[in-house]
Amino acid sequence: MVTDEIVYPLHEPDPIPPTHHKGRAKSFKCPACGGIVTIRAVGHSINAVCSHCSSVVDVANDNYRIVEKAHKLTRHTLLEIGTKGVLFGVTWEVVGYVEKDDGSAAYRWDEYLLYNPYHGFRFLMQARGHWNFFEVIKRDVSGVVLENDVRLDERPYTIFYRGEAVVQYVKGEFYWKVKKGDRARVVDYIAPPYMLSAEISDDELTLAQGVYLQPSEVKEAFKLTAAMPYPVGVAANQPSRFRERISGIWSIALLGLLAATLIQAATSITADNAHVYSTQSRIYAENSSPDLAADGCGETGSGLPDCDKAAGYGRNKMFSSPSFVLPKGSNVFIESYSPVQNDWVELNLSLVNEQTNTAYSLSHGIEYYFGYDADGYWSEGNQRVDSFISAVPSGTYRLLVEADSGAFQKSGAIDFALNVTRDVPAWGNYWITLLLLFVYPIYAGIRHMSFENKRWSESDYAPALYRTS
Amino acid sequence: MKKYDCPSCGAEMVFHSSLSVYAVCPYCRSTVVRHDVDLEAIGTMATLPDDMSPLQIGTDGFYRGIRFSLVGRMKIGWKDGCWNEWFMVGDDGRKGWLAEAQGFYAVSFEIDAALDEAVEQRIRKRVAAFRAGDGKKTPPIARADLGSYLTLDKQKLKVVDIKDAVCLGSEGELPIAAPRGRRTVSIDLLGPSGEFGCVEVLNDDIRAYLGRYVDWDALHCQNLRPLEGW
């Protein structure tokens, strides 16, 4: 039945069955320099680079054939062969290192081969200060390499890079044949923080799924004391800090908008919006001599004009309204109007509480200019000005008006109208709230766009939104 | 489970599976074939090449909720390394294989039903072409088809590689004679969510296996082999 098996003489039983021998790293004597070389992933590694002379040795069996002879010292790397670290809850030992570039030497990166005898192999990549943790995946991903958009685990990936990877330096041990100058085609897809990377060598398509790591995570995992390479730019699959937050930020802003609108609507509906007082009147310049009688108004003991029954009355550029009652604490809205033409009026208004003498002062500057020039008709300013006084307590008030105007020089008097309402729905706070609500979301949106712009500036496949030139 | 005495050294040899026809004595490394009532010693197995496998004969674990234990192993070599094929017996009596290669684990079971004739023809053609030497100049993967597909037991799987495989040694009990030097052509297949298929061609005999890749943690293995430094 079996013909090719060598029959050995029978020997004494081995006290321990062979499988119960401990698994352990082994070492061999480098056939090139005689130095002792350790193999950690025994049974997996088929090529090992001598740690003394850098010769590549075939370690698939015990013949230890030289694949490529060398006489070079080993290069120092941030993570040294044999270093252990914990990532994603698993202890990994660095067993190999490959430096690769894109064939043009413009873009180079480090690939550390990590090993755990239970979990197998992983790759830790470092490019321009950015780190990725890759795991080879055994999946037939539809459309990969050929298409620009692929799906994996219900996640859409989009093409980022097609190019070459050329091995520039190796040290450690590998479960595949490695040699400086080895070339492979590379196709990278991204779904930040994930990446799907396809490597196509002579006869094999290898898919690996990567996840972005913060440099601090790597530093901590391997207890590194040396300075980490500073991250430059934005990595292909680096997650945007703002993208993570942006939907939350916008949801909060939109909720805020809804709440503010509801509150605004409720206060608008319940506001009295009641008319308090209005007048159309006239104020005379100080030095003009109005005929008081002609205006049908008499002087009161207060020395202030007390008249708005007539079309207008004034002296000393002053005007006073009759008393009116604000029945409850509320805002007060004052509108002024003056039919000025190429002139100005300044009304200094004081709303005075007759009981407490508390005064709310404000100034309405009305100016309106117009004319014709080479460009045609123009106008500037407004004949109307209004303002709010918020939270005025209830009480009996009167409105004092003191005026100054360019018209005093010309005609000696100005016409004006006042309209006072109270408990008016105010929109100012609403708009300010809205502005504040959306300042950060808009800022975050802009930051996110700029982040994505940086990311895609490294790719030939930028979406239209981030395409430059 | 059936107990025998090793015809060479007299040590106890246990056959866990009625399917097992071949075994290696753990003490004297005699290789034996099982006949109806007794064992026949036919040679001696050389020591298996070292590895860092955490698995050993006697390791048990779970696959899809069913407990299994490993009762035998073949060490298979190919041009770029080697892997382990562990013969596993489930608590439900099912026999399967746990392949351990490059740090990946795949559980598979032989397909009992006869292969579709067209599929079998394709396999024979492909293997003939491979044996004729096209294995050395594999088709450029960049081509539009990126590999072909085979349908095994209604599952359409992608052919990922085809290679010559040689048994480097075996231990424990096995359902096939697995002497050193047993040569097969092995075709690996892959599905969209980690389905694993394997077609093994020994001379003209085709055996097909179907299963899936499994994460280490999902196997919940116990009675593992001690590993120094881990």
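**View 1. The partly exposed residue A:H21 in a predicted model**. A:H21 counts as partly exposed because it has 14 C-beta neighbours inside 10 Å; a residue is called buried if 20 or more other C-beta atoms lie within 10 Å of its own, exposed if 12 or fewer, and partly exposed in between, with C-beta atoms placed from the backbone. A:H21 sits in the segment before strand 1 (26-29) of chain A, and its C-alpha atom is separated by 101 Å from that of A:L349, which is 328 residues apart from A:H21 along the chain. The model is predicted, so local features need pLDDT of at least 70 and side-chain atom pairs count only at pLDDT 80 or more, while totals for chains, interfaces and linings use all residues. Residues are numbered from 1 along each chain as its sequence is written, and chains are lettered from A and ligands numbered from 1 in the order in which they are written.

**View 2. The largest nonpolar core, around B:M88 and B:L98**. This core, a set of buried Ala, Val, Leu, Ile, Met, Phe, Trp, Tyr and Cys residues joined through C-beta atoms within 7 Å, has 55 residues, and B:M88 and B:L98 have the most contacts inside it. Not counting residues up to four places away in sequence, B:L98 touches B:L70, B:W86, B:M88, B:Y105 and B:V107, where contact requires C-beta atoms, placed from the backbone, within 7 Å.

**View 3. Another core, with A:I46 among its residues**. Of the 469 residues of chain A, 29% count as buried.

Methods: Two residues are in contact if their C-beta atoms, placed from the backbone, lie within 7 Å. Helices (H or I, at least four residues) and strands (E, at least two) are DSSP runs, numbered from the N terminus.
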